[in-house]
Number of protein chains: 4
Amino acid sequence: MNIQTFKEISRQYKTIFFDSYGVLRNYQGVYEGVREMLLSLVADGIDYYIITNDASRSPEQLAENFVERGLPEITTDKIISSGMIAKEYLSYKINHGKVAYLGTERSAHYIESVGIETISIGNVDLAAVDDISALVLLDDEGFDWNTDLTRAVNLLRKRSMPVVVANTDTTYPRSKDEVAISVGGVAKLLESLSQKTFIRFGKPDAQIFNFAYRHACEQKPVDKQEILMVGDTLKTDIIGGNKFGIDTCLVLSGNIQAKDAELLIASTGIIPDYICASVTA
Amino acid sequence: MNIQTFKEISRQYKTIFFDSYGVLRNYQGVYEGVREMLLSLVADGIDYYIITNDASRSPEQLAENFVERGLPEITTDKIISSGMIAKEYLSYKINHGKVAYLGTERSAHYIESVGIETISIGNVDLAAVDDISALVLLDDEGFDWNTDLTRAVNLLRKRSMPVVVANTDTTYPRSKDEVAISVGGVAKLLESLSQKTFIRFGKPDAQIFNFAYRHACEQKPVDKQEILMVGDTLKTDIIGGNKFGIDTCLVLSGNIQAKDAELLIASTGIIPDYICASVTA
Amino acid sequence: MNIQTFKEISRQYKTIFFDSYGVLRNYQGVYEGVREMLLSLVADGIDYYIITNDASRSPEQLAENFVERGLPEITTDKIISSGMIAKEYLSYKINHGKVAYLGTERSAHYIESVGIETISIGNVDLAAVDDISALVLLDDEGFDWNTDLTRAVNLLRKRSMPVVVANTDTTYPRSKDEVAISVGGVAKLLESLSQKTFIRFGKPDAQIFNFAYRHACEQKPVDKQEILMVGDTLKTDIIGGNKFGIDTCLVLSGNIQAKDAELLIASTGIIPDYICASVTA
Amino acid sequence: MNIQTFKEISRQYKTIFFDSYGVLRNYQGVYEGVREMLLSLVADGIDYYIITNDASRSPEQLAENFVERGLPEITTDKIISSGMIAKEYLSYKINHGKVAYLGTERSAHYIESVGIETISIGNVDLAAVDDISALVLLDDEGFDWNTDLTRAVNLLRKRSMPVVVANTDTTYPRSKDEVAISVGGVAKLLESLSQKTFIRFGKPDAQIFNFAYRHACEQKPVDKQEILMVGDTLKTDIIGGNKFGIDTCLVLSGNIQAKDAELLIASTGIIPDYICASVTA
């Protein structure tokens, strides 16, 4: 396993796509040295974007969160979230009725901004579902799992509708050695129980990479060969970047520990172009 | 599709295994005519047993429930539940430590009766898991899904232990056209998130059929060819009976409606030996 | 189920994406009236493209095949195949070594046209695999399944490499009531045995739709809302189009018969915007 | 990881169940010292049986094979194969018509011995399938994969019938570092393409353990707690034995290397009661 420094690697590209969690930050906050790394990219004329599987907040709120944690450079236009792709889908395909959602009110406000009427799954009356035109999974909080997951299963039995999963991650880290079930995990349960085909947005799916690519090109035209995807997870960041046709760099500062990297790469067959200890090493 | 009367079919056998829900009863109570049907079996010298995927109650409590609903003939010795198989497994394989469980206190009392110490998942302290020797999924009630499913995932990350699913059903009917998620559905979620191999008891698995067969033979020796399994579900009752090597009869009084039976049999390739409208028709 | 005429529907769009098999043709040849339908689209200023899961031939050869069957209008620039996406991927990501392939020599020639050296799986020597940099599944013909599937499994055990599936279909119709296993079916077997994550191109994946969209826009700029995807298969054409954010039309001239359409749509939750008997009705 | 000697462990039991491949022998022949180990078991009054996922030969032929390789003590009555369970199933459930099979003629002869008429998949005429009452997967040899797998898929489309998989293993070792696809792997492909529910016999399924248990008890009554299952594979031997309620011993002489054992046990959650280097160590 040939480990290189991120500085050396990054200078071969014009644009960098960063995953957020495990790459720039963790549950405790932003990693030391990340701000300097980002500033030096800018100084060298390299663009960067954050590509994140998150539909719990708007890009504005995600950017604000970075600002509060000491990264004022990460403004709204630097953020590409799976929630943005889900919102685009809804604005194209849902023209009538209400969208039922699993998530917080905050997550619903974001998709309401394209004129869609929403209803929390907890408020759905199973005896009157004719005006519900889609089900969207936004966040793992904001509903009662004991009652509302069963309600969602019954909603899908009573009425045929598209189901959108706005975050494909199944778990997320909530402390040094514990995880929480995220809404993508909930989606797997509902999909298996309802036997329907859900529509998933977020890494590793090509649509979020394509959205990011178009967005980056609007700022400054760039070829795919000039973009590097940097992530800590083989099954989302690396396979997604590989498949989209851009170069990929695995960092060992999050999901995968250095001692396991080689075995995991061999056993999954997901091969990054580079491996770095971290984006600051 | 050749539909026959249950009376005609049943007289070719010495012992009948009945599924409970959708066959003898539904959410409203015992079907009309079931008591007469059972009494006529006995009058003709035919034994019967109830084979049910249920670990929420002891066989005593399951029998009591039938008595209360007007079937005093269904005594404890007539009941074979998946909970009994799980209890047998625990008594053989768990010799030390506590068994963490998802379910009600009532469901835990049953497995405690073989001298096993239990702890509800809600009371598990993730900082002190060394004395937990197994995780058992008993019932979909009795715990907080929002917090305790994540706790279960983390328990399995912190300590390697067998996980026993004492009811393989993923949903159960709770009214005419609604279902509830049962603990077998919860098991699918936890298994997929933890990537562990869980141990499942209950139809269609051979172990519950073998347990019932041995139990039946203790009362009166019988050949496999002399037993009929009667159920309303292809994926549990019928495939399980077929594979165990006994004859099977699908009834259309529960899970499957007459109009869909032929298509479902063709599309799954699960073929009952007989089809009846109901056990009373 | 509201069945409309294709003429009526198509006039609401500027560009039509057609699936080929089951929509424009079947195993016997091009459907009657298809040529007139295409000519009338052109006369009304509507663009069209064929989007097909096929990596067994180059777009030139696919176009030629249409010409031979009486559709001279379908020229190379009208064809978008999953093989084109696979070739683009290989040209971006494979810079050295040989690409081993499952398929005919003809299918290999196409990917060789970007300067990639190929070797048929049957010629791979498992004792010398260091120069093999990827495995590509192109076609179900051209190799010996008895020996070469096992060879492919062992190749993936000996060396970590990306595996590209250039056609996601698992079967294809070969006569009125028989199917053949296609290379996407073979891919499922190899992926399950090797436990690797394969990279799949073709409908329903977004990348082929995005490729087609960019290609269409080069001829004539068009909004996503002005495009209609027409297909006979829910799990590829319809869910893929829906997810990409374009309108979709299911035709009942191929995979799905009229009597089953409503049930299949309800049971999968994949909902087309329109349903037509055929593109000529 | 607490590694013990097999001699020490085995003396705590009255009956030992051995897996064959990777435990007593490999592709090169019987391991050194195995005969002495078996003789010393007998000298100490301990019974033993071989439990193997194999349907390519009769128990007589399997025993002969051991005799030829220098283990004359392994007579037919010591062998329990998944083929025996499949044969029992067929004799109970198939009363008419022909059974189509994938496998060699030799494998078919064995199931013919219960009076079942068989036809090799290669001889099935898809235009005349009315007299075919089941499909059985016996061996990975004896048919042309290119043509006969597709024929099997079409057979299952044309006629509803039970499909029996008489060996659940998906691969088997054919040399030091290569595997071959076995008929259980082929079964996965056919099941996924046909969407039918197949019936599988062999470890880890309880039915083969129960068959072995009954067989052992006929020779000498024994309690489950007095039996040890010895195997080299977590997903078949160990989980199967655990679930059946008998003690289990993982040996590191086959499938799993010592350096990976701990990680594999932790990641699968399949926990043997003991670990030994080999049955002769």
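**Conventions.** I number residues from 1 along each chain as its sequence is written, letter chains from A and number ligands from 1 in the order in which they are written. The model is predicted, and local features need pLDDT of at least 70, side-chain atom pairs count only at pLDDT 80 or more, and totals for chains, interfaces and linings use all residues.

**Entry 1: chain A against chain C.** I looked up contacts first, taking two residues as in contact if their C-beta atoms, placed from the backbone, lie within 7 Å. Chain A puts 31 residues in contact with 31 residues of chain C. On the chain A side, helix 4 (82–93), helix 8 (206–219), helix 9 (234–244) and helix 10 (258–268) each supply at least two residues. Helices (H or I, at least four residues) and strands (E, at least two) are DSSP runs, numbered from the N terminus. By class, this side of chain A has 13 nonpolar, 11 polar and seven charged residues. I count Ala, Val, Leu, Ile, Met, Phe, Trp, Tyr, Cys and Pro as nonpolar, Asp, Glu, Lys and Arg as charged, and the others, Gly among them, as polar.

What rotation superposes chain A on chain C? I find 180 degrees with 0.0 Å of shift along the axis, at an RMSD of 0.0 Å. That is the relation of a two-fold axis. Ala206(A) is the residue of chain A that comes closest to the rotation axis, with its C-alpha at 3.0 Å. Since 100% of the interface residues of chain A are also interface residues in chain C, the copies meet through the same surface.

**Entry 2: chain B against chain A.** This contact takes 19 residues from each of chain B and chain A. Helix 6 (145–158), strand 11 (179–181) and helix 7 (183–194) of chain B are the elements that give two or more residues to the chain B side. Helix 6 of chain B gives the most, with six residues. I sorted the chain B side into nine nonpolar, seven polar and three charged residues. A rotation of 180 degrees with 0.0 Å of shift along its axis also superposes chain B on chain A, at RMSD 0.0 Å. Here too 100% of the interface residues of chain B are interface residues in chain A, so the copies meet through the same surface.

**Entry 3: pairs without contact.** I found no contact between chain B and chain C, whose closest C-alpha atoms lie 11 Å apart. Chain A and chain D do not touch either, and their nearest C-alpha atoms are 11 Å apart.

**Entry 4: domains of chain A.** The assignment gives domain 1 (6–53 + 204–276) and domain 2 (84–200); such bounds come from an automatic or database domain assignment. Their C-alpha centres lie 28 Å apart. Eight residues of domain 1 are in contact with 10 residues of domain 2. Helix 8 of chain A supplies the largest share of the domain 1 side, three residues. That side divides into four nonpolar, three polar and one charged.

**Entry 5: helix 6 of chain D.** Helix 6 (residues 145–158) has 14 residues and reaches 20 Å from its first C-alpha to its last, close to the 20 Å expected at 1.5 Å a residue. The expected span is 1.5 Å times one less than the number of residues. Is this helix mostly covered or mostly uncovered? It is mostly covered, with 10 of its 14 residues buried, among them Trp145(D), Asp148(D) and Arg151(D). I call a residue buried if 20 or more other C-beta atoms lie within 10 Å of its own, exposed if 12 or fewer, and partly exposed in between, with C-beta atoms placed from the backbone. The buried residues pack against elements of two chains, including helix 6 (145–158) and strand 11 (179–181) of chain C and helix 7 (183–194) of chain D.

**Entry 6: helix 2 of chain D.** In helix 2 (residues 34–43), Val34(D), Met37(D), Leu38(D) and Leu41(D) are buried. Seen down the helix axis, they fall within an arc of 95 degrees, so they line one face of the helix. The arc is that of the directions from the helix axis to the C-beta atoms. On the other side, Glu36(D), Leu39(D) and Ala43(D) are exposed. The cover over the buried residues includes helix 1 (6–10) and strand 4 (47–52) of chain D. Gly45(D) follows the helix and has a positive phi, near 75 degrees.

**Entry 7: Gly202(B).** This residue lies in the loop between strand 12 (199–200) and helix 8 (206–219) of chain B. Gly202(B) is buried, with 25 other C-beta atoms within 10 Å. Leaving out residues up to four places away in sequence, Gly202(B) touches Asn53(B), Ser82(B), Asn167(B), Thr168(B) and Ile208(B).

Technical notes
Least-squares fit on C-alpha atoms with pLDDT ≥ 70 in both.
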